[in-house]
Amino acid sequence: MRTLTLRGGARAAVVATEWYDAFGVVTRGRVQLELRDGQPGPVLGRAAGFWLRGTGVRAPSP
């Protein structure tokens, strides 16, 4: 299991080979997903779970 901690305003690029078939869970705060075309994606709150595979997401940021 991999754990990723983001501080407020931080971003994490989603590298397909590293995150293939990854499932994420927001444990604290909120995370906004960024789509591959640079547009903002959904904002997910505490206890939200999400798959990265096939979503068009390129980065999560708080």
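Q: Where is M1 found in this one?
A: In this predicted model, M1 is found in the segment that comes before α1, the helix spanning residues 16–19.

Q: And is M1 buried or exposed?
A: M1 is exposed, since its relative accessible area is 100%, and exposed here stands for anything over 50%.

Q: How does the confidence look, and where is it lowest and highest?
A: Across the protein the mean pLDDT is 81, with 85% of the residues reaching 70 or more. Strand β5, residues 57–61, has the lowest confidence with a mean of 63, whereas β3 has the highest with a mean of 90.

Q: What about F23, where is that found?
A: F23 belongs to strand β1, which covers residues 23–25, and F23 is partly exposed, with a relative accessible area of 46%.

Q: Why "partly exposed" for F23?
A: Because its relative accessible area of 46% falls in between the two cut-offs, under 20% for buried and over 50% for exposed.

Q: Which residues is F23 in contact with, apart from its neighbours in sequence?
A: Once the neighbours within four places in sequence are set aside, F23 is in contact with G49, F50 and W51. For G49, which is 26 residues from F23 along the chain, the C-alpha separation from F23 is 7.0 Å.

Q: How much of the contact set in the whole protein comes from residues 24 or more positions apart?
A: Taking the contacts with a separation of 6 or more, 53% of them are between residues 24 or more positions apart.

Q: New topic, the largest pocket: how much space lies in it, and how many residues line it?
A: The largest pocket holds about 720 Å³ of space, and its lining is made of 26 residues, with L4, T5, V25, V26 and T27 lying nearest its centre.

Q: Which element gives the largest share of that lining, and what is the make-up by class?
A: Strand β1 gives the largest share, with 3 residues. By class, the lining of the largest pocket counts 16 nonpolar, 6 polar and 4 charged residues.

Q: You listed T27 there, so where is T27 found, and is it buried or exposed?
A: T27 is found in the loop that links β1 to β2, the latter being residues 31–35, and T27 is exposed, with a relative accessible area of 57%. The C-alpha atom of T27 is separated by 7.9 Å from that of A48, which is 21 residues away along the chain.

Q: What is the phi of A47?
A: Phi of A47 is near 75°, which is a positive value in a residue other than glycine. A47 lies in the loop between β3 (40–44) and β4 (49–51), and A47 is exposed, with a relative accessible area of 63%.

Q: Last one, how much of the protein is buried, and what does the accessible surface come to?
A: Of the 62 residues in the protein, 27% are buried, while the accessible surface comes to about 4,700 Å², with 51% of that belonging to carbon and sulfur atoms.

Definitions and conventions:
Residues numbered from 1 in each chain as written. Predicted model: local features only at pLDDT ≥ 70, side-chain atom pairs only at ≥ 80, totals over all residues. Heavy atoms only, no water. Helix = DSSP H or I, 4+ residues; strand = E, 2+ residues; numbered from the N terminus. Buried < 20%, exposed > 50% of the residue type's maximum accessible area, 1.4 Å probe, protein only. pLDDT = per-residue confidence, 0-100. Contact = heavy atoms within 4.5 Å. Areas by Shrake-Rupley, 256 points an atom, 1.4 Å probe, with all protein chains shown as cover. 1 Å grid on protein atoms, 1.4 Å probe; cavity = no way out; pocket = protein on both sides within 12 Å on 5 of 7 lines; lining within 4 Å. Points joined across faces, edges and corners; volume = space filled by probe spheres on them. Nonpolar A, V, L, I, M, F, W, Y, C, P; charged D, E, K, R; others polar.
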